[in-house]
Amino acid sequence: MAEVRVISMGLAKVEYGDVADTGAMQSELTQLGYTYKESFEMQTDEPSVEEFYVEEVDPPLDMSGELGKTVFEWDILNPKVTEMAALGGGTATAADNKLETADAWTSIEKAFKFTPKKGFIVSVPRASVIAYPRNGFKKGQPMLWHVKATVLQIEVKSGNGTPAKPMILQKLT
């Protein structure tokens, strides 16, 4: 049977959750608010490769390298205060619809699942997250909650088994 080629396009939803101590992809995720049009980007840096040359031959004798980092960035149009606190720090009071922002930077890690309208679902078991408000108070332009998630290597803190890889792509069924 021939391998099926898949084209990934559009964004159906973004989900997030806590990072699992086992290193596996989190199964309990919460859907975020709407992603602002044309704000979602996935960027993977080119791997850095070092080539080792010798005097006797022209092609490299050997090579060594490191993978580039992968970053997802997008803007949320209508975040809940609990989502803003979970991704950007601070304290949320859902009953009062109130967010008290953090007074110092803190490391926040979350798991993400990016589901396209068609193509490959991208699951990220562990990412470093930075989130903050932007574009507020301009006439005709809404305030957005900007999110930047950088894929991190998996850490196993408890449990047995094989941890997930840093990113998992699986065809949407």
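This report walks through aromatic ring pairs in a predicted model.

## The aromatic pairs at a glance

Let's begin with the count: seven aromatic pairs turn up in this model. Some of these rings join up, as ring pairs link Phe40, Phe72, Trp74, Phe112 and Phe114 into a cluster. Two of the pairs are described below.

## Phe40 and Trp74

Take Phe40 and Trp74, whose ring centres are 5.7 Å apart with 40° between the planes, giving a tilted pair. Phe40 sits in the loop between β2 (30-31) and β3 (41-44), while Trp74 belongs to strand β6 (residues 70-76), so this pair ties together parts that are 34 residues apart in sequence.

How accessible are the two partners? Phe40 is partly exposed, because its relative accessibility is 26% and the buried class requires a value under 20%. Trp74 has 0% relative accessibility and therefore counts as buried.

## Phe72 and Phe114

Strand β6 also supplies Phe72. The ring of Phe72 pairs with that of Phe114 at 4.3 Å centre to centre, and the 20° between their planes makes the pair stacked. Since Phe114 comes from strand β9 (residues 108-115), the pair ties together parts that are 42 residues apart in sequence.

## Putting it together

If you are looking at the structure, strand β6 is a handy place to start: Trp74 in this strand pairs with the loop residue Phe40, and Phe72 in strand β6 pairs with Phe114 in strand β9.

Notes: Residues numbered from 1 in each chain as written. Predicted model: local features only at pLDDT ≥ 70, side-chain atom pairs only at ≥ 80, totals over all residues. Heavy atoms only, no water. Phe/Tyr/Trp six-rings, centres within 6.5 Å; stacked < 30°, edge-to-face > 60°. Helix = DSSP H or I, 4+ residues; strand = E, 2+ residues; numbered from the N terminus. Buried < 20%, exposed > 50% of the residue type's maximum accessible area, 1.4 Å probe, protein only.
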